[in-house]
Amino acid sequence: MKDFLTWPFRILGFWAWYAKEFTVANVAVIKDVVTVGNDATPSIVRLECLSFTEGFYTLLAALITITPGTLVVGAGDTTSKGVRVMYVHALYYTDIDELRSDLREMEERMLKGLMLRPKLNKEATL
C-alpha cells in the first residue's frame, strides 16, 4: 500500500530531478558552443542496465539520448546473467567511472521513480 501512495510523488520527484539535469547539460553544451576553444572530452562507456523490462530499457536510452552531450550509440546483447547492455557516448566526462556512475544514478532514479514497485537487476555491475 505504501508503494501505491508514494508513487505519484516519486514520479514528480524523478521528473523534477531530470529537468534539473537536463538544464545543467544544456548550459554545459551552450557554454562550450559560445566560448572560444573546446571543452569536449569524448568517451564511450559500456553500461549494464538494472532494468528487467524493455520499456524501461528503451526509456532510459531515450532519456540519455535527449540529454545534451550524451547519446546511446548501441545496444548490446543480454549477458549470460540476464543483464541488458548499452553503449553510451558522452562529450564532457574525463573519468569513465564517473560517467558510468552518473548513468547508473539516472537509471536508479528512473526505475525507483516510475515503477510502482521498483525491482532492480542486482546482477548488473558498474
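In which helix is the place of Arg-109? In this predicted model, Arg-109 lies in helix α3, which covers residues 96-114. The relative accessibility of Arg-109 is 37%, so the residue counts as partly exposed. When residues up to four places away in sequence are not counted, Arg-109 touches Phe-14 and Trp-17. Arg-109 was also compared with Pro-8, which is 101 residues away along the chain; the C-alpha atoms of these two residues are separated by 14 Å.

The protein as a whole contains three helices and three strands. Read from the N terminus, these elements follow the order α-β-α-β-β-α. The C-alpha trace spans about 55 × 35 × 20 Å along its principal axes. The radius of gyration is 15 Å, which agrees with the value near 14 Å that a compact globule of 126 residues would have. Of the 126 residues, 34% count as buried. The accessible surface amounts to about 7,500 Å², and carbon and sulfur atoms contribute 63% of this area.

Strand β1 comprises residues 43-48 and includes Ser-43. Ser-43 has a relative accessibility of 12% and therefore counts as buried, the limit for this class being under 20%. With neighbours within four places in sequence left aside, the contacts of Ser-43 are Val-88, His-89, Ala-90, Tyr-93, Ile-96 and Leu-99.

Leu-71 is located in strand β2, which is formed by residues 70-76. With 39% relative accessibility, Leu-71 counts as partly exposed, because this class lies between the limits of under 20% for buried and over 50% for exposed residues. Leu-71 belongs to a nonpolar patch on the surface, together with Ile-44, Val-73 and Tyr-87. The accessible area of these residues together is about 340 Å².

Ser-43, at 12%, counts as buried. Leu-71, at 39%, counts as partly exposed, and Arg-109, at 37%, is likewise assigned to the partly exposed class.

Definitions and conventions
Residues numbered from 1 in each chain as written. Predicted model: local features only at pLDDT ≥ 70, side-chain atom pairs only at ≥ 80, totals over all residues. Heavy atoms only, no water. Patch = residues over 30% accessible without salt bridge, like charges linked within 9 Å, V, L, I, M, F, W, Y side chains within 5 Å. Areas by Shrake-Rupley, 256 points an atom, 1.4 Å probe, with all protein chains shown as cover. Salt bridge = Lys/Arg side-chain N within 4 Å of Asp/Glu carboxyl O. Helix = DSSP H or I, 4+ residues; strand = E, 2+ residues; numbered from the N terminus. Buried < 20%, exposed > 50% of the residue type's maximum accessible area, 1.4 Å probe, protein only. Rg over C-alpha atoms; globule rule 2.2 N^0.38 Å. Contact = heavy atoms within 4.5 Å.
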